[in-house]
Amino acid sequence: MPSLPRMTWDRPHLLGLEELTRDEIVTVLDLAEHFTHDSQERRKKRANLAGKVVVNLFFEPSTRTRMSFSLAARRLGADVLDFSPSGSSTSKGETFIDTAKNIEAMGIDLVIVRHAATGAPHLLAQHLQAGVINAGDGAHEHPTQGLLDIFTIRQIRGHLDGLTVGLVGDIAHSRVARSNIHGLTKLGAKIIVCGPPTLVPRGIEELGVEVSHSLDAILPRCDVINMLRIQFERQRSGLFPSITEYARLFGMDSARLKKAKPDLLLLAPGPINRGVEITPEVADGPHSAILKQVTNGLAVRMAVLHLLCGQPEEMA
Amino acid sequence: MPSLPRMTWDRPHLLGLEELTRDEIVTVLDLAEHFTHDSQERRKKRANLAGKVVVNLFFEPSTRTRMSFSLAARRLGADVLDFSPSGSSTSKGETFIDTAKNIEAMGIDLVIVRHAATGAPHLLAQHLQAGVINAGDGAHEHPTQGLLDIFTIRQIRGHLDGLTVGLVGDIAHSRVARSNIHGLTKLGAKIIVCGPPTLVPRGIEELGVEVSHSLDAILPRCDVINMLRIQFERQRSGLFPSITEYARLFGMDSARLKKAKPDLLLLAPGPINRGVEITPEVADGPHSAILKQVTNGLAVRMAVLHLLCGQPEEMA
Amino acid sequence: MPSLPRMTWDRPHLLGLEELTRDEIVTVLDLAEHFTHDSQERRKKRANLAGKVVVNLFFEPSTRTRMSFSLAARRLGADVLDFSPSGSSTSKGETFIDTAKNIEAMGIDLVIVRHAATGAPHLLAQHLQAGVINAGDGAHEHPTQGLLDIFTIRQIRGHLDGLTVGLVGDIAHSRVARSNIHGLTKLGAKIIVCGPPTLVPRGIEELGVEVSHSLDAILPRCDVINMLRIQFERQRSGLFPSITEYARLFGMDSARLKKAKPDLLLLAPGPINRGVEITPEVADGPHSAILKQVTNGLAVRMAVLHLLCGQPEEMA
């Protein structure tokens, strides 16, 4: 198993890509690349997090993110505990911070938190000695998803600067969109956000992105399209007319794909609604990197965990 | 700790006993026997599955099967992750196959699946590179339960061929019955299925079994009785008149036991309804192997896990 | 890592502090002290429970107790499995004892049980070969909570005998109160229980405690106050008039604290209702040992686990 390179890293927490420098993002990507080799020869585990305890503190449902963090932490030798708010002391009236401080007092090293409230991970970071990783806070940021999207683009295209990346769908409620915008912009990509006017927040141009309401118009210019997930409850609240109408205008199918560059790269954070954001033949087709993203997510999360609390190899 | 024998095994999945040859079943039983010694000196763990990741993908509730697989996998050095469909991406509309493929993309080696739909594990096996173990699919098969029943009979009686085994109760809805029938028949046992006419499917004689509707009539001929579990919701749907009536005709109590062979062996897949299929004094009496079945389940599952993805000992 | 002292211990179970001798309690406290050093240099794990399997059998919700036991067991090298009654065979009608015996038959060493029924852990202990730890049974006992409270007092004050400890709040429904009373009394502390007449059971003086209904009256005499948690559902049942009224009479705030001894030690088993039993500035102030209790809980539980089923160090 190749030994890990020495990386410079000072941050105790990963709260969002907005606060990271370009160099810090590149550090994560470079380290993640080392871990992609690990996944191919899986029998050996690293011990960089041996003796460390990582807690998943998820206040919103999650399959892949929680499992991906759990697996990443175990691959590095950490112990992982899941905290599920149902059946727990939050139902007895304990505050969010008290719950976290109590968990921390048991001697844990890292808290991975998902919460419906924007800023919840930042609040934790202020109150805990343990490291905090944001696994999604409201519609704000989901930095490891952003990092794995960026990693996947770099892995397949070889570079990021000069690329045009379209983020398509529900920009307003997407923490994935925000993490993509902050990360990709710093690495020199151009971002176009594209969705129905009700789902693109006003003033988002201030983040340095172009705004469009027509996928057909921007498609020929894009090197990468990241198809954001549609949450069906938005329809009930009147934010878009119908699923069929949405799919017709903003979904990706074989016909529309013909208007794109021949090497268009398609990403989707998943879980995908087949036939809504993306048709089955496109999701499973040659442009799609959807499952590669999931695989890369493990390597990216191993990199983040190692940077935040891993020990150098000679101590392992 | 005794070293494991070399076994020949080619299958990547365990989907049912219907598809296994007699020799393959014997291979599992023989290997399981080695693991029963392990459980007696438990401090040492084997490392045959070190670095492997096993996922429990249970879409139906389970205590013993899920825990038994988890323990078996850990005893062999694997990492085990539980996937629980509630609070997960299936509630966000993801398809069954997409959920499984996403989990697989994280780098897992084996999926243990329980699902209400017949054939769900076979579907997974077609779509995944990872190995698939059927932990119960609808009323179809539950192969590791069948194997542990067969293992327990062989352990106590020394052999299987020539034995007469009665399967008593709800044959129609029992995946345990089907796995028992396929496995025991291949190993030379004679099977009598016995239950109320509404709970014995027509045409089941084609599987090579005898059909009876009277436990009292077949009891004197049986060497083994496997008391299937009654699911109370069947009564509501009119499939049998009342719990009391069922217990009177098909339950096992001390009085009825007097009509059986003196060395009758009683199995029950559990969880048992005391006083329905079996009275407490019989469940806890000398004929009952109910808890032995649970203990043997661990050894049988270790054998299956090792055959599907274990490494030879010298690599461990 | 310092090696552990040899301790004399004969009990297979920890069911309550009522049954322990003074010497046995001191043994747990002394061993726990060794483990507090472990938590400070956390990279190294002990192997005293290597190969052992510990099951959390929680029939009532719990965050900190379940996690604390899980972490303690893993720090000693054990495998830990969680049993959650929802989605399990108890929903299929299996009895409590059958569920436990089935889990035990899989080869487990220790069951940690929480149950709404007083005596449930004692019942298990009668039926299982495995060791049983009571993690809270009804309003009866919660011995490891009692032990960690006692440990924290001894750690901060250096001794227990001669101290006056006030237990304040819902004495009637508190298993923490009962474990505190049994343990502290044996170690020479004087106990005053204090709460509204509806929440102090008649005849509790027989346990050797003083009874008071006025916190203001007893406060100047107390060296330690343990603020029990108020369960809001008690109010609905008419056991106290209102949260505000309760807080005014039995809550701890800065003004009331001025009437106490200057070195008063404040404990609370948590999760706390900020502003009810204790105001935020007092909970986070210099008298409070609330988070220290949580940290000590880990060491105390490691001690209990090691005494019940740990191996001597030279075998590890």
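So, let's start where the two domains of chain A meet: 20 residues of domain 1 are in contact with 21 residues of domain 2. Please keep in mind that this is a predicted model.

Which elements supply at least two residues each to the domain 1 side in chain A? They are α1, spanning 22-40, β4, spanning 131-137, and α12, spanning 290-309. Of these, α12(A) gives the most, with 6 residues.

Now let's step back to the domains themselves. In chain A, the assignment makes domain 1 out of two stretches, 22-141 and 295-315. Domain 2 of chain A is the stretch 143-293. And how many Å apart are the C-alpha centres of these two domains of chain A? The answer is 26 Å.

Next, the inside. The largest nonpolar core has 302 residues. Which residues have the most contacts inside that core? They are Val111(A), Val111(B) and Val111(C). Let me take Val111(C) and show you its neighbours. Leaving out residues up to four places away in sequence, Val111(C) touches Val55(C), Leu57(C) and Ala100(C), and also Leu124(C), Leu128(C), Ala130(C) and Val132(C).

Last, a word on confidence. For chain A, the mean pLDDT is 91, and 93% of the residues reach 70 or more. For the complex, the predictor gives an ipTM of 0.90 and a pTM of 0.93. Thanks, everyone, and I'm happy to go back to any of this.

Terms used: Residues numbered from 1 in each chain as written. Chains lettered and ligands numbered in written order. Predicted model: local features only at pLDDT ≥ 70, side-chain atom pairs only at ≥ 80, totals over all residues. Domains from an automatic or database assignment. Contact = placed C-beta atoms within 7 Å. Helix = DSSP H or I, 4+ residues; strand = E, 2+ residues; numbered from the N terminus. pLDDT = per-residue confidence, 0-100. Core = buried A, V, L, I, M, F, W, Y, C linked by C-beta atoms within 7 Å. Buried ≥ 20, exposed ≤ 12 C-beta atoms within 10 Å, placed from the backbone.
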